[in-house]
Amino acid sequence: MNATSAATASAVTFVWLGMVLAISFLEAPLKFRAPGVSVRIGLGIGRLVFRALNIVECVLAATVVVAVAAGDAPGHVIAWTAAAGAVLIVQLAVIRPRLNRRSDRVLAGEDLPRSRGHLLYVGFEAAKVVALLGLGVTLSAL
């Protein structure tokens with residue numbers, strides 16, 4: 001893989017990883033502990049934050065894919081890239097729509113039990129962290 005493509009993909013991957021860690025594993029759980037933040041307010045904030053994160057993730061993922069494709073990457077780099085992209089796609093196409101439907105109901109005033117869907121999303125976030133870390137380390141070693 002050429003040095004420019006590897007450096008670009010590596011830098012973008014670590015920015016993406018940092019955003020996921022900061023928002024999903026720091027901001028998201030902490031907002032519900034803030035004084036005066038109800039579940040409804042937390043969900044409203046969370047939807048805005050995660051919508052923005054997901055838009056940025058799509059841009060970062062596209063940038064990584066272009067850099068990897070342009071750099072004639074080895075198979076293990078392509079595999080890590082595909083893993084991170086696949087996790088993001090499942091989150092956006094399958095998990096987020098279900099969570100949005102549920103949060104619509106809560107925001108409309110329904111009193112629902114705690115969602116297991118969020119745990120699935122967190123599991124996929126953890127898998128994405130592993131994929132991004134693997135990709136970033138692999139790219140950095142090239």
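Me: How many salt bridges does the count come to?

Reply: The count comes to five salt bridges, a salt bridge being a side-chain nitrogen of Lys or Arg within 4 Å of a carboxyl oxygen of Asp or Glu. This is a predicted model, in which local features need pLDDT of at least 70 and side-chain atom pairs count only at pLDDT 80 or more, while totals for chains, interfaces and linings use all residues. Residues are numbered from 1 along each chain as its sequence is written, and side-chain values use heavy atoms, leaving out hydrogens and water.

Me: Why is the contact of Lys128 and Glu57 called a salt bridge?

Reply: Their side chains meet at 2.5 Å, N to O, and the limit is 4 Å, so the term applies. Lys128 lies in helix α4 and Glu57 in helix α2, so the pair ties together parts that are 71 residues apart in sequence. Helices here are DSSP runs (H or I, at least four residues), numbered from the N terminus.

Me: What makes Asp104 partly exposed?

Reply: Its relative accessible area is 40%; buried means under 20%, exposed over 50% and partly exposed in between (1.4 Å probe, protein chains only), so Asp104 is partly exposed. By contrast, Lys128 and Glu57 are buried.

Me: Why is the pair of Phe50 and Tyr121 called edge-to-face?

Reply: The ring centres of Phe50 and Tyr121 are 5.8 Å apart and the planes stand at 85 degrees, so the pair is edge-to-face. Rings of Phe, Tyr and Trp (its six-membered ring) pair if their centres lie within 6.5 Å; planes under 30 degrees apart count as stacked, over 60 as edge-to-face and the rest as tilted.

Technical notes
Helix = DSSP H or I, 4+ residues; strand = E, 2+ residues; numbered from the N terminus.
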